[in-house]
Amino acid sequence: WMTDEAAALAAAHREKRPVLIDFYADWCAACKDLDRKTFSDPRVVAAADRFVALRVDGSDPSDPEAKALHRKYGVVGLPTLVFIDRTGRIAKTETVTRFIGPEGLLERMGRF
């Protein structure tokens, strides 16, 4: 996972790849489930190679950088997964705002 939004978006633009943004927090139980059950699934790991993966830590709700990214991407709760297509457009209809298992995430990833 990359942690710098500007660098991730620049890499995605340069490489013509979609972006997967994971908004998470250390205290978020569903976020931990995503890590343990979904992001660790070998099929998801393989599919993620096509994406630039960005992780935004929302553990500290007073962090100004995280707050700005939450506003920018319309994040209201955690976990939230945001997809950006190869042209740089946010795919709002594909946003996930809860735990999603490997099958569901693979289905979404396959649309990019």
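1. R108 contacts. R108 touches F83, E94, T95, V96 and I100, leaving aside residues up to four places away in sequence. Keep in mind that this is a predicted model.

2. R108 setting. The residue R108 belongs to helix α5, which spans residues 102-109. Its relative accessibility is 18%. Buried means under 20% relative accessible area, so R108 counts as buried.

3. One of the contacts of R108 is F83. F83 is also the bridge partner of L20 in β3. L20, in turn, is one of the buried residues of β1.

4. Burial of β1. Strand β1 covers residues 19-24. It is mostly covered, with 6 of its 6 residues buried. Both of its faces are covered. One side carries V19, I21 and F23. The other carries L20, D22 and Y24.

5. Pairing of β1 with β2. Strand β2 spans residues 52-57. It runs parallel to β1, and 6 bridges join the two. Within β2, R55 is the bridge partner of D22.

6. Pairing of β1 with β3. Strand β3 spans residues 80-84. Here the direction is antiparallel, and 5 bridges join β3 to β1. The L20 and F83 pair belongs to this pairing.

7. A12 in α1. Helix α1 runs over residues 5-15, and A12 sits in it. A12 has a relative accessible area of 5%, so it is buried. Leaving aside residues up to four places away in sequence, A12 touches R17, V19 and V52.

8. A12 and F23. These two residues are 11 residues apart along the chain. Their C-alpha atoms are separated by 18 Å.

9. The disulfide. How many disulfides does the structure hold? There is 1 disulfide. It is formed by C28 and C31, with their sulfur atoms 2.3 Å apart. Both C28 and C31 are buried. The torsion about the S-S bond of C28 and C31 is about 80 degrees, so the disulfide is right-handed.

Methods
Residues are numbered from 1 along each chain as its sequence is written. This is a predicted model: local features need pLDDT of at least 70, side-chain atom pairs count only at pLDDT 80 or more; totals for chains, interfaces and linings use all residues. Side-chain values use heavy atoms; hydrogens and water are left out. A disulfide is a pair of cysteine sulfur atoms within 2.5 Å. Buried means under 20% relative accessible area, exposed over 50%, partly exposed in between (1.4 Å probe, protein chains only). Helices (H or I, at least four residues) and strands (E, at least two) are DSSP runs, numbered from the N terminus. Contact means heavy atoms within 4.5 Å. Two strands pair if DSSP finds at least two bridges between them.
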